[in-house]
Every structure is written in structure tokens, then in C-alpha cells.
Amino acid sequence: GSGGNSGNGNNPGSGDNSGGGGRPGTGESQAPFAKGKTFTVSGVTYKVTKVGEEVELTAAKSKAKKVTVNTVTGTDGVKYKVSSIGAKAMQNNKDLTNLTIGTNVKTIGASAFKGCVALKKTLILPDSVKTIGTSAFSGCNKITAVTIGKTSKSRLTTIGKSAFNGCKKLGKVTIKSTKLGSIGKQAFKGSKSSLKVKVPPKQLKKYQKILKKAGVKVKQVIK
């Protein structure tokens, strides 16, 4: 079987592989993919990060206007949780208008959605998101509001530098997390001059300090 394996390695996500993925329908069960193995479903490529359980979305050649990132059934038949979105995964995607991030996603990589100029209205990130990478949503100039976390159980600890830089229609950011410890420089640079960042009342003073370092005026941070 080693010949078959090297074939897989050379052709991740090729038609041959997905054909192979269909075989378990005969009643044989296929072993789940090894860690680091990639597969492609509907133009979106995933990499296994936890065998039989979790994947990272690494690249998308999808033309879909609406995208939901939460779970995916691999070509090995396993239903995976998508726990991270990789660096540059959907960078400069001009088709994407509506993005739904599901509750399995913990990490949004650097420049993951940079330059997604069609992405519009309110962006909502669930409680599960811990890290928003450098320039993750930079240049998404049609987003008007960002809500990070739905409840006080939000796990957000880090917003990377320039994360929302150049989001020129962005007027309201709501942060629900009480665990936020780091916001990178220019995280909200180039947003509306009337930008308001709403934070948990008990964290007001602390978050005003770290947001000030990131370039947001104290008076723009409200409870």
C-alpha cells in the first residue's frame, strides 16, 4: 500500500482521492486521515489538525456569496469541526458578502479575510473565538459593525495588529469578553471617526488603556 500512499501525498484533493473517498460506501470503513493531511470539499481546502476531530480551513477557491465555517465532512467520511481559519485562507475574496463563523472556530489567522471588499453589514464572531490574527479583516471596507462574542463567556484574548485596519464604514464594535489582554497597534485604524467600542462595564478602565495603545481614543470606548 505504500505506493498508494505516496500517490495521495502528491495529489492532495485531486479527483483520484475523492474517488477513493467514495469507496467506503461498499461497507468497508476507511481510517480517518492523518494529522497534516489535506482534502478539498466544494473548492475549500482543509488540513487535519486533530485526527478524526478537527481541521483548519486553509484555502478557499469558492465563488459562494454566503459562507458558513463550522463543520465539514471530509473525503474520509469523518465529520470534522473547523477549529481554525488559516492565514490568508480567503484573502481578497471579492465574492463573499455574508460570513457566518460557527461555534467550533477558535482561531482566525493572519490576513484570513483581508481585502474581502464585498463582505458587508454586521460581522458576528462567536464566544469560541480566542484569537483574531494580524490584518484578519483589514480592508473589509463594507463592514459597518463587529460583535465579538455573544455572551460574557466569550473566550477572546487577542486582537492582532491592523485586524480591522481600513474598515472605513466600521462605526460600532462590541466586545463581550472579559479576558481580552492584547490588542495590536492600528487594530481599528481607518474606521469611522465616530467609532464606538462597547465593552463590559467592569473592564471599561482596563480596556480603555489597551485600546488607547491600539489607537482608539478613550472617549470612544463605552460600557
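Which loop holds Ser191? Ser191 sits in the loop between β14 (182-183) and β15 (196-198).

## Model and conventions

The model is predicted: local features need pLDDT of at least 70, side-chain atom pairs count only at pLDDT 80 or more, and totals for chains, interfaces and linings use all residues. Residues are numbered from 1 along each chain as its sequence is written, and side-chain values use heavy atoms, with hydrogens and water left out.

## Overall fold

The protein chain has three helices and 16 strands. Helices (H or I, at least four residues) and strands (E, at least two) are DSSP runs, numbered from the N terminus. Of the 223 residues in the chain, 46% are buried; buried means under 20% relative accessible area, exposed over 50%, and partly exposed in between (1.4 Å probe, protein chains only).

Among contacts (heavy atoms within 4.5 Å) in the protein chain between residues at least 6 apart in sequence, 55% join residues at least 24 apart.

## Nonpolar core

A nonpolar core is a set of buried Ala, Val, Leu, Ile, Met, Phe, Trp, Tyr and Cys residues joined through side-chain atoms within 4.5 Å. The largest such core has 58 residues, of which Ile108, Phe113, Ile132, Phe137, Ile159, Phe164 and Phe188 touch the most other members. Helix α3 (residues 204-213) supplies the largest share of this core, four residues.

Beyond neighbours within four places in sequence, Phe188 is in contact with Ile159, Phe164, Leu170, Val173, Ile183, Leu195, Leu211 and Val216.

Val173 belongs to strand β13 (residues 172-175) and is buried, with a relative accessible area of 0%. Not counting residues up to four places away in sequence, Val173 touches Val146, Phe188, Leu195, Lys196, Val197 and Lys198.

Ser191 counts as buried because its relative accessibility is 16%. With residues up to four places away in sequence left out, Ser191 touches Cys167, Lys168 and Leu170.

## Second largest pocket

The second largest pocket holds about 170 Å³ of space. Of the 13 residues that line this pocket, Phe188, Lys189, Gly215, Val216 and Gln220 are the closest to its centre. On a 1 Å grid over the protein atoms alone, a pocket is an open set of points where a 1.4 Å probe fits, with protein on both sides within 12 Å along at least five of seven lines; lining residues have an atom within 4 Å of a point. The volume is the space filled by probe spheres set on the points, which are joined across faces, edges and corners.
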